Amino acid sequence: MLILAIETTGKYASAALISEDGRFEVAESFEQMNHLKEIMSLIDESLSKMGAGKGDITHVAASAGPGSFTGIRIGVTTARTLGQMLEIPCVCVSSLEGMAKRAFDYAEANGCRYICPIINARRHQTYAYIAELSPDMKHYVEEKQYMIEEIIELLMSAGEKVLFTGDGIDAYESIIREKMPEELFVLAPEEIRYQSAKEVAELALEKVLSEDVCTYEELMPEYMRLSEAEMRLKEGTLSRKISEANV
């Protein structure tokens, strides 16, 4: 068994391979939002590190969202294409769960009860959930779109120490510090703050072993909300926006 994992939902693209015994290799980009240009070369790099070829891949996993709309489409489309071309099953992984898994050891070392991945969705909005710090990472609150103030209120009512991770820290650190007592939160350092294909691969392995896979047609993006263009189209304001841009 050899699972390819693709992560393009955040700032940095990455690809990883993991075998059934947990051996893995990762290839990461250090250029922000350069996913379309780099993802295939990252896949090739991870294969080279593993000493494998595309024909050795038995499953392909995508971090399907939430996150960057364009990034999600690139990752899911790449995974679907490989799944169809290689005639192999696909695996859908939550980007938020991958982020929580990446921060698990740091949260445990800092005495946290919860982990809260937060992705910046702009205008005080986040994609987030709260996980209990346990082997199965049980959801304390579900994955969905929250206002940052709403997620802070939920954590304050829980009254236990939490680790925040994700690029929502970059956008909303001042709000977190203003509204939460210092002893109730920890901020993940940058080296573990953002999405990585390594954790996507580890979660995908768990899913494959439990037979939670899908066909390439069934692998779909998890946006959590409509894009701005889709919202404007639904509201009937898209054509006006285009007209204004052409003035």
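A residue counts as buried under 20% relative accessible area, as exposed over 50%, and as partly exposed in between (1.4 Å probe, protein chains only). R122 is exposed, because its relative accessible area is 63%. The model is predicted, so local features need pLDDT of at least 70 and side-chain atom pairs count only at pLDDT 80 or more, while totals for chains, interfaces and linings use all residues. Residues are numbered from 1 along each chain as its sequence is written, and side-chain values use heavy atoms, with hydrogens and water left out.

R122 is located in strand β6. Helices (H or I, at least four residues) and strands (E, at least two) are DSSP runs, numbered from the N terminus. Although R122 is not a glycine, its phi is positive, at about 75°. Most residues other than glycine have a negative phi, and most peptide bonds are trans.

Next comes the sheet around β6. Two strands pair if DSSP finds at least two bridges between them. The order β8-β7-β6-β9-β10 describes an open sheet of 5 strands with mixed pairing. At its edges are β8 (139–147) and β10 (185–187), each pairing on one side only. On average, neighbouring strands of this sheet are turned by 20° against each other, direction ignored; axes are lines fitted to C-alpha atoms, for helices over the stretch in contact, and angles run from 0 to 180 degrees between N-to-C directions. Strands β6 (residues 114–122) and β7 (residues 125–132) are antiparallel partners over 6 bridges. Here R122 stands opposite Q125 in β7.

Helix α3 (residues 95–109) touches β6, β7, β8, β9 (162–165) and β10, and its direction makes about 135° with that of β6. Helix α5 (residues 168–179) touches β6, β7, β9 and β10, at about 110° to the direction of β6.

The structure also holds 4 aromatic pairs. Rings of Phe, Tyr and Trp (its six-membered ring) pair if their centres lie within 6.5 Å; planes under 30 degrees apart count as stacked, over 60 as edge-to-face and the rest as tilted. F69 and Y223 are stacked, because their ring centres are 5.0 Å apart and their planes are at 20°. This pair links distant parts of the chain, 154 residues apart: F69 is in helix α2 (residues 69–86), and Y223 is in the loop between α7 (197–209) and α8 (228–235). F69 is buried, with a relative accessible area of 13%.

How values were computed: Contact = heavy atoms within 4.5 Å.
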